[in-house]
Amino acid sequence: MSLRALFARLFSRRNRRSDVDIHDEFSAHLEMAAAELRAQGMSAEAAEREARLRFGGLTQQQEAYRVQSRPPLIDSVVADLRYAARQLRRNPGFATVAIVTLALGIGATTAIYSLVQAVLLRSLPYGHAEQLVYLYTPIAHIDQPVEVFTPSDADAFDIRRLNHSFSSMALFGQETDNLSTSQSVQRVGSATVDGNFFSTLEAAPALGRVINAVDNRPGHQHVAVISHSLWHSLFADRPDVLDRFITLNGSAYHIVGVMPREFQYPTNNDLPYGNSGVGTTNVWIPLALTPQQAADRDNDSLNTIARLKPGVSREVALSEMSAIMRRLDTLHSAELRGWGAAIRSLPETTIGNARPLLWLLLGAVCAVLLVACGNAANLLLARAAARSHEFGVRATLGAGRLRVMRQLLTESLLLGGIAGVAGIILAWFFLRLLLHLDPGDIPRLQEASLDLWVLLFAAALVVVTCLLFGTLPAISTSRIHLIDTLKSGGTRGTVSGQNRGRSLLIAGQVGLVVLLLAGAGLLIRSYTKLMSVKTGFAPSTVTFNVALDARYGTTQQRLSFFRGLLEKLAGIPGVRASGAVNFLPLSNSGSMTFLWVDGYRDNNKDQLVEDDRVTQQYFSTMDTPLFAGRFFADADRAGSPPVVIVNQSFAKQYFPGQSALGHRLRTGGHPNSPWETIVGVVGDVRGTRLEDTPAPQLYSPLWQGDAAGAFVATRSSLPPEMLVASIRAALRAVDPTIAAANIQTMGQAIAVSTSRRRFQTTLLSLFAGIALLLAVVGLYGVLAYSVRQRVPEIGVRIALGASRARVISMVVRQGLRLVLIGLALGLAAAFLLVRFLAGALYGVSPYDPWTFAAAPALVLLAALIACSAPAWRAAHIDPIEALRSE
Amino acid sequence: MGEKTELLQGTLDTLMLKTLASMGPLHGYGLARRIEQVSGNTLALNQGTVYPALLRLEQRGWIRSDWGKSENNRRARFYAITPRGRRQLIRATEGWQRIAAIMGRFFEPQQ
């Protein structure tokens with residue numbers, strides 16, 4: 001048949017015939033024939049009979065016609081499918097186990113893949129995101145991460161003026177604002193942006209316009225672009241929003257635009273040192289730099305984002321920017337020289353740190369899927385052995401090997417197809433569960449869905465899965481020895497290579513399980529170690545953040561706000577202590593200052609130290625212990641001698657072997673600033689991440705400094721909900737336009753900061769558990785089948801005097817041999833692969849002996865349980881029964 | 001009726017094409033009757049056999065079909081030869097004549 005004809009048969013509607021068509025055409029034929037015969041003088045009845053006779057077998061022709069009108073192959077495929085379905089129905093137990101196993105694997109893999117798709121593969125909601133970069137100007141001799149050093153405003157403007165690498169560049173700041181309505185006040189993430197911000201991101205508004213250069217001129221800056229979610233929550237999606245105003249920090253802003261739903265830049269994942277209080281950005285307002293700000297060369301508070309010209313690589317742009325920075329460096333103040341250049345990809349910054357986690361999960365879930373495939377293959381092999389007689393007969397009747405293989409693969413595909421559909425349904429539930437476990441710091445995780453790409457992935461997965469679990473059984477089963485089949489009297493066929501295949505499968509499965517268990521074990525050990533570290537603060541302390549606005553113009557006003565708030569809090573019945581700090585532990589914020597310690601030999605001018613401002617009761621509120629000296633007192637106020645408290649690490653580093661009390665130090669990097677005296681030593685606090693060992697840290701009295709925003713901590717015997725209500729009331733009483741943001745206990749802060757680790761650990765443990773269960777089921781299946789096959793042999797052994805213990809040990813030995821091979825494989829693989837996990841571990845070596853002992857031990861234990869039932873059955877074979885049935 | 005001749009394998013298609021080429025559009029019955037008549041009623045042909053064959057020819061693009069009215073006003077499917085069918089007929093005719101000539105040479109009285 002020519003290709004064209006084949007296509008015509010397959011695809012052209014015109015070339016098919018419906019049964020109605022065929023019927024009409026044939027009956028027309030018969031009537032015409034009968035009419036002609038009647039005209040020749042036949043009786044009606046005889047004419048009809050003769051017409052049928054000449055037509056020749058009506059049904060026969062109809063069938064021939066139908067066959068011709070169907071695409072080729074379909075017939076035999078349909079027949080194969082029908083037969084396969086009958087086979088599955090005949091063994092519902094087998095089919096159920098295989099389908100459930102595979103569906104579990106396919107469902108879990110699809111669900112994890114949907115995360116990968118949403119987070120890593122779907123492009124960011126900005127035009128040509130791959131061209132977007134952040135610019136940094138690191139100072140080489142200061143030992144801090146590159147991303148800490150954003151360009152100063154003057155440097156950024158000069159780079160913009162001088163470069164040829166970027167098509168566009170924008171400056172923006174990340175802030176939080178108090179957004180008040182007539183009923184309430186809330187804190188929203190906001191960005192102050194220049195006129196190039198939206199065009200650099202190639203982001204267009206859903207409604208109205210974006211912030212432009214005119215808005216950034218003095219006197220024009222009271223306009224705002226709002227997010228889709230704010231439009232929804234404040235204005236119920238009303239189109240007349242563009243005529244309205246919002247009140248930010250007590251000032252009215254005219255709404256000029258609404259961004260589309262997916263645009264929330266910058267989010268908490270978009271900036272390396274972003275404001276942790278910002279989840280997504282809800283308001284964009286003009287940056288409106290004053291000429292003095294724009295000319296500032298030494299302070300770096302804004303972020304700089306740029307778009308590479310098409311065809312310009314990051315390397316080329318960097319070398320040009322480095323050259324520009326070498327020229328600009330001389331313009332910086334003498335004590336702060338050495339400004340360099342660095343460029344980081346924006347998409348990489350946003351999603352880069354989620355990548356190892358997601359690939360790890362995808363790898364692990366694929367291992368689970370492989371174990372599931374192993375089980376399905378094992379089940380197929382066992383069943384194929386039972387059907388060897390059938391295949392022997394088929395071969396004897398002339399079925400070719402390919403024909404038998406095709407039948408077997410059709411059965412696999414049917415199994416896989418059903419499992420695939422069930423798996424996609426399961427994936428939907430798994431995805432809901434995953435989104436529920438969302439650690440909150442993986443960008444766009446909540447956007448994961450079973451979209452077209454994910455469904456295509458699932459379909460491909462089904463095909464690959466079928467080939468994986470169907471091929472081995474198909475090959476080994478179709479290798480039929482006719483002579484053997486006939487020799488064995490047609491009752492029991494032998495299919496060679498099967499037992500070896502099944503043993504290999506079990507060993508492979510056990511290997512994968514050991515690998516997964518080792519990974520999960522290491523993560524669990526890390527997690528428990530981390531959970532038992534001394535944090536240096538009480539988990540029950542309730543904290544919240546407040547940010548003051550421009551109405552609080554002087555230090556005096558700001559400090560009296562905090563004084564008033566703390567007094568109100570102290571007045572709440574049940575509150576034991578309350579205090580304020582400008583940068584709370586685990587809040588992803590902090591400040592560093594230059595340090596000079598009097599009498600310390602290794603002082604250098606670039607020496608940096610963490611430096612927080614706190615009120616008198618802060619340490620007792622947080623339950624941070626005092627080791628020497630005193631806490632701050634009411635007397636430590638503006639005008640009184642400057643005092644500081646240091647942590648233990650500070651004392652140990654700068655005053656080893658002696659008391660830190662009474663020593664003096666200088667901060668801020670100015671040689672003329674006054675000496676500050678150490679009056680107390682407090683315990684170390686885990687500040688940035690729970691994982692990081694505490695660094696030297698300074699505390700100075702808030703009242704001797706200033707703060708435009710602070711975290712306020714409260715310790716009480718009240719239940720948290722009641723306390724939160726009282727806190728809000730207290731804040732309202734002090735200033736109703738300021739919102740209490742991020743109200744949480746320190747315990748919740750710990751939970752948030754460890755949520756990704758928990759997510760990872762939970763999932764990997766879950767995968768390891770599922771894989772272990774599947775492998776145990778597989779091992780049990782193999783042994784149970786093997787015992788059933790060997791009933792006569794074991795019967796003979798027992799008849800000849802083998803003890804039950806001996807039979808049991810024979811079966812267990814058979815099982816354990818497979819497991820031991822698998823253990824060896826798995827441990828070898830684990831040794832090779834755990835180094836990829838090293839970054840996720842805390843306090844344990846990747847080659848942690850406990851884990852590497854426990855994982856195989858657990859598998860061995862599970863294997864013994866799987867062996868016990870078949871062994872017990874083998875030991876209780878009745879030799880007489882066994883021999884009689886032979 | 002006298003002794004009937006079995007149709008040679010593969011020749012029905014050519015006979016049908018030839019008939020459609022010389023007679024113009026025909027319905028299945030008309031086609032079957034015409035083949036019987038031309039053969040002088042000596043072919044052992046079940047009339048029903050033409051239908052799968054017609055479908056096959058149509059799938060190859062050699063004929064096309066449409067519903068129409070028969071002479072006694074019944075609804076019937078009419079088949080007509082296509083240009084490609086005519087080309088195929090020429091090829092098949094040449095092939096057949098070659099074979100017939102070869103066969104003929106074998107059965108001619110030896111010189």
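Let's start at Val513 of chain A. Setting aside its neighbours within four places in sequence, Val513(A) is in contact with Val371(A), Ala771(A), Leu772(A), Ala775(A), Gly826(A) and Val859(A). Please keep in mind that everything I show today comes from a predicted model.

Next, a pair of helices. In chain A, helix H6 (residues 92-121) packs with helix H15 (residues 401-437), their axes 6 Å apart and at an angle of about 45°.

Let's turn to where the two chains meet. Chain A puts 23 residues into the contact, and chain B puts in 20. On the chain A side, helices H1 (3-11), H2 (19-39), H3 (44-55) and H4 (58-69) each supply at least two residues. Which of them gives the largest share? That is H2(A), with 8 residues. Sorted by class, the chain A side has 10 nonpolar, 7 polar and 6 charged residues.

A few words on chain B itself. It has 4 helices and 3 strands, and from the N terminus on they run α-β-α-α-β-β-α. Of its 111 residues, 30% count as buried. If you take contacts in chain B between residues at least 6 apart in sequence, 53% of them join residues at least 24 apart.

Leu468(A) is in helix H16, residues 452-478. Is Leu468(A) buried or partly exposed? A buried residue needs 20 or more C-beta neighbours, and Leu468(A) has 18 inside 10 Å, so it counts as partly exposed. Leu468(A) and Gly374(A) are 94 residues apart in sequence, and their C-alpha atoms are 8.3 Å apart in space.

Phe149(A) is in the loop between strand E1 (132-136) and helix H7 (153-162). With 19 other C-beta atoms within 10 Å, Phe149(A) is partly exposed as well. Beyond its neighbours within four places in sequence, Phe149(A) contacts Tyr136(A), Thr137(A), Pro138(A), Ile139(A) and Asp300(A).

I'll finish with some backbone details. Most residues other than glycine have a negative phi, and most peptide bonds are trans. With that in mind, look at the bond joining Tyr265(A) and Pro266(A): it is cis, with omega about -10°. Pro266(A) is in the loop between strands E7 (251-258) and E8 (281-286). Then there is Glu202(A), whose phi is positive, near 55°. You will find Glu202(A) in the loop between helix H8 (197-201) and strand E4 (207-208). Asp623(A) also has a positive phi, near 65°, and its place is the loop between helix H20 (618-622) and strand E15 (626-629).

Methods:
Residues are numbered from 1 along each chain as its sequence is written. Chains are lettered from A and ligands numbered from 1 in the order in which they are written. This is a predicted model: local features need pLDDT of at least 70, side-chain atom pairs count only at pLDDT 80 or more; totals for chains, interfaces and linings use all residues. Axes are lines fitted to C-alpha atoms, for helices over the stretch in contact, and angles run from 0 to 180 degrees between N-to-C directions. Two residues are in contact if their C-beta atoms, placed from the backbone, lie within 7 Å. Ala, Val, Leu, Ile, Met, Phe, Trp, Tyr, Cys and Pro count as nonpolar, Asp, Glu, Lys and Arg as charged, and the others, Gly among them, as polar. A residue is buried if 20 or more other C-beta atoms lie within 10 Å of its own, exposed if 12 or fewer, and partly exposed in between; C-beta atoms are placed from the backbone.
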